[in-house]
Structure formats: structure tokens, C-alpha cells
Amino acid sequence: MSCSCFRSSFVQKKETSTHRELEGSYSLDNVRSFSYKELRIATYNFDRSTKIGRGGFGVVYKGILKDGTRVAVKTLSAESKQGVREFLAEINSIANVRHPNLVELIGCCVEGTHRILVYEFVENNSLDHALLGKKTKIPELDWERRSKICIGTANGLAYLHEELKPHIVHRDIKASNILLDKDFTPKIGDFGLAKLFPDSITHISTKLAGTTGYLAPEYVLGGQLTLKADVYSFGVLVLETISGRSSSLSSWDISQKVLLEWAWELYEEGRLLELVDSDLKTYPKDDVIKYIKVAFFCTQATANRRPAMSQVVDMLSRNVKLNEKELTPPGFFQDSNESKKASSDASTSRQITSFPTTITQVTPR
Ligand SMILES: Nc1ncnc2c1ncn2[C@@H]1O[C@H](COP(=O)(O)OP(=O)(O)OP(=O)(O)O)[C@@H](O)[C@H]1O
Ligand SMILES: [Mg+2]
């Protein structure tokens with residue numbers, strides 16, 4: 001499946017220019033090209049005080065451009081086997097992607113060994129901070145906001161999957177990649193980024209210990225990357241948003257179950273509302289239950305039973321009745337150490353134990 005789109009002028013340049021020429025004055029259609037100096041000035045020489053966070057690809061800084069625009073400057077430190085041309089081709093393909101629920105790429109810098117992406121600055125940090133952070137948790141994340149975050153994220157993904165041609169599989173939908181604007185509009189970050197690093201499955205699997213819960217089993221085990229792997233991750237994200245708990249096992253302890261496993265057990269026992277974040281003092285019960293069920297539809301073990309994201313948008317935002325008879329148990333992956341601790345009689349645990357677990361041997365970064 002190819003997700004790149006080259007503009008004809010760029011392709012021509014690609015064929016006739018050397019790397020050096022491209023590095024000096026490369027052509028980008030919809031994004032600005034920044035010099036390293038400009039970004040150094042914008043971030044006070046990449047000063048620690050401007051550092052916002054660090055992810056698998058490198059460090060993110062807050063920068064202020066000459067015209068006063070605030071930006072997020074993402075320095076890519078991971079080794080890319082791609083040359084400048086391929087890198088720029090991928091940048092061009094994501095530069096054209098604009099949607100209110102996607103973080104906008106403003107520009108990039110390719111100078112010497114530097115590979116830097118410049119994004120619009122999103123005010124309220126990422127969902128993991130707002131929802132799960134010990135110090136950064138936002139108390140006023142009421143149901144209205146949580147529901148807006150779920151629907152907005154679903155809209156952004158539906159756009160990437162179904163409206164964009166060629167479509168983009170995000171590959172890494174998780175709370176830290178959902179940024180929140182000043183009015184808590186969610187914006188999906190890092191779409192298309194995994195393609196900059198063709199080996200990025202390593203990037204994702206190195207984080208398995210922490211983010212196991214997001215990855216669709218068929219992706220972890222067989223490397224089958226389809227749109228439905230994103231749908232799965234979205235389902236887990238909805239559960240996190242409702243429960244205020246991370247899908248990562250290490251961060252909480254309910255009989256050592258992953259969030260999805262615990263949620264499914266509650267569903268089977270008719271105790272679904274126990275999943276709801278205790279910080280949510282008032283909420284419309286029927287809506288919350290519907291959202292949890294939509295999450296279950298998204299995380300079903302068989303990928304092709306999961307809905308398309310546009311269907312998810314409808315399920316969440318319109319008064320559609322869910323056909324629960326169609327719902328089958330979730331599938332999930334759990335690493336070997338953790339699965340030993342998992343209860344052996346739960347229906348979902350049987351699925352876990354049937355999975356090979358060698359993928360967790362990857363060294364954490
Ligand atoms: N455009 C942005 N505006 C504001 N903050 C941002 C922006 N992009 C990233 N951040 C912040 O920087 C942090 C690090 O982001 P980064 O994408 O590098 O790492 P990550 O999302 O934790 O992991 P991964 O590398 O797997 O995506 C995020 O948690 C977020 O708080
Ligand atoms: Mg990220």
C-alpha cells in the first residue's frame with residue numbers, strides 16, 4: 001500500500017537534482033523550508049527551557065518564529081535510512097494534509113544531518129498529560145470535553161483513512177499523539193511520520209512495554225498494517241478517555257489486567273459503569289455506555305469485524321442503535337511477563353496465551 005503522493009514538479013526535481021542541490025534549495029509545495037539558524041533562534045539555541053517533550057523520533061521544543069508564530073519544533077534524531085529526496089517526498093505528501101482535527105505541518109529543515117519538522121503549536125499539550133498525567137491532569141475534563149475529544153479524533157482518522165487519497169494509516173494512535181487545542185479540540189499528531197522511518201515498526205515495538213495495549217494483535221504479531229489497526233488503537237483510546245486510566249499495564253493495577261481486558265470483564269458482568277473515571281462526577285450514563293460499546297466494536301479480535309472510522313463517527317455522534325448481537329470479544333496482545341500474571345479463566349486471557357510473545361524481546365529505547 002503506498003501512501004506517498006508526489007507532486008509532478010517535485011518528481012522532476014527529484015530526477016535531475018543531486019542531494020546537495022536539494023539540500024541547498026529544495027522545493028516544497030505547501031510547507032516552508034526553514035534554515036537551521038532560524039530554528040535555533042526560535043528555540044533559544046534549543047534551550048532546555050523550551051523543551052516540551054521527547055518521543056521516539058526525538059525531542060520537541062517550543063519555538064517562536066520571527067513573526068511571533070508559536071511552533072512545535074520536532075528534531076528527528078532517529079536514524080533514517082532515507083536520503084534527502086525521499087525524506088522530502090514524504091514531507092510533501094503530509095504537507096498537503098489539512099483538517100481541523102490534524103496537527104498542521106508548517107515546515108521543515110533539512111540541513112546537513114539535521115532533520116527537523118515544524119508544526120503548529122497546540123496549546124493544551126497532549127491527551128496523556130491532560131487525562132493521565134500526575135501533575136498535569138486537567139480537572140475540568142468533563143464529559144462534554146471527553147466526548148468532543150473522542151468524536152474529533154474519530155473525524156481526523158476518518159479523514160486520513162477515507163477522504164485522503166492515497167490514504168494514510170497512522171500506525172501510532174495513542175494519547176500522547178492526540179494534542180488538545182485551547183478549546184480542547186483534539187488534533188492528531190505524527191500522522192505520516194512513521195513513513196519517514198521505514199523501520200519504524202522498531203520505533204513502535206520498542207515501546208511495547210509501555211504501550212502494548214494500543215496495538216492490534218494482528219499488527220504486533222503478523223505486521224499486518226491496515227486501517228483496522230488504527231481503528232483498534234482508537235477503541236483503546238476511547239476506553240482511556242472514559243476511564244482516565246492508561247492502557248499501559250505498568251501504570252495501574254487491577255489484578256494485572258490490561259484496560260481492555262478489564263473493561264470487557266465488566267461488560268460481561270453488567271458492571272460497565274465501574275469503568276468510568278471517578279473524576280467524572282456527572283455524566284449521561286447511556287452515552288457513556290454507548291461510547292464504551294463503540295470501543296468494543298473497534299477492538300474486536302478479527303480486524304474485518306471492526307467498523308470503518310466514518311461508521312465510528314456516526315456511532316458516536318448520531319443516535320444510531322448498536323447491534324450488540326454482532327459484537328465479538330476483543331483481541332489483545334500482552335507480553336510474556338505480564339500474561340503470566342493474568343488470570344487464566346477469563347475468556348480474553350485465552351486469546352492472550354495463544355499468542356506468541358517473542359516480540360517483547362526488543363530492547364527498550
Ligand atoms: N504540535 C505540538 N504542540 C504542542 N505540543 C506538542 C506538539 N507536538 C508534540 N508536543 C508535545 O511533545 C511531546 C512529545 O511528542 P512526541 O511526538 O515527540 O512524542 P510521543 O508522542 O510521546 O511519542 P512518539 O514519538 O511515539 O509520537 C508530546 O507529548 C506533546 O506533549
Ligand atoms: Mg507523538
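Analyst: Arginine 171 lies in the loop between H6 and E7. Helices (H or I, at least four residues) and strands (E, at least two) are DSSP runs, numbered from the N terminus. Residues are numbered from 1 along each chain as its sequence is written, while chains are lettered from A and ligands numbered from 1 in the order in which they are written. This is a predicted model, in which local features need pLDDT of at least 70 and side-chain atom pairs count only at pLDDT 80 or more, whereas totals for chains, interfaces and linings use all residues. Here pLDDT is the predictor's confidence in each residue, from 0 to 100.

Arginine 171 is not a glycine, yet its phi is positive, about 80°. Arginine 171 counts as buried because it has 22 C-beta neighbours inside 10 Å. The cut-offs are 20 or more other C-beta atoms within 10 Å for buried, 12 or fewer for exposed, and partly exposed in between, with C-beta atoms placed from the backbone.

Proline 166 sits in the loop between H6 and E7. The peptide bond joining lysine 165 to proline 166 is cis, with omega at about -10°.

Beyond E7 comes another loop. Phenylalanine 184 lies between E7 and E8; it is not a glycine, but has a positive phi of about 70°. Phenylalanine 184 is buried, with 20 other C-beta atoms within 10 Å. Aspartate 183 is in the loop between strand E7 (178-180) and E8, but counts as exposed, since it has 9 C-beta neighbours inside 10 Å. The C-alpha atoms of aspartate 183 and asparagine 124 are separated by 8.4 Å, although these residues are 59 residues apart along the chain.

Now take H6 itself. Helix H6 (residues 143-163) packs with helix H10 (residues 227-243) at an angle of about 170°, their axes being 10 Å apart. Axes are lines fitted to C-alpha atoms, for helices over the stretch in contact, and angles run from 0 to 180 degrees between N-to-C directions. H6 and H10 are therefore roughly antiparallel; that label is for angles over 145 degrees, while under 35 is roughly parallel, 65 to 115 roughly perpendicular and the rest oblique.

Among the residues that meet are Ala154 and Leu157 in H6, and Phe234 and Leu237 in H10. The residues of this contact divide into nine nonpolar, three polar and two charged. Ala, Val, Leu, Ile, Met, Phe, Trp, Tyr, Cys and Pro count as nonpolar, Asp, Glu, Lys and Arg as charged, and the others, Gly among them, as polar.

Phenylalanine 234, in helix H10, counts as buried because it has 28 C-beta neighbours inside 10 Å. Leaving aside neighbours within four places in sequence, phenylalanine 234 is in contact with residues including Thr153, Ile173 and Val312. Two residues are in contact if their C-beta atoms, placed from the backbone, lie within 7 Å.

Finally, confidence. The chain averages a pLDDT of 79, and 75% of the residues score at least 70. The highest mean, 98, belongs to strand E8 (residues 186-188), and the lowest, 31, to helix H15 (residues 347-353). Over residues 200-210 the pLDDT stays under 50, and over residues 336-365 it is below 50. Where pLDDT is low, the predicted coordinates should not be read in detail.
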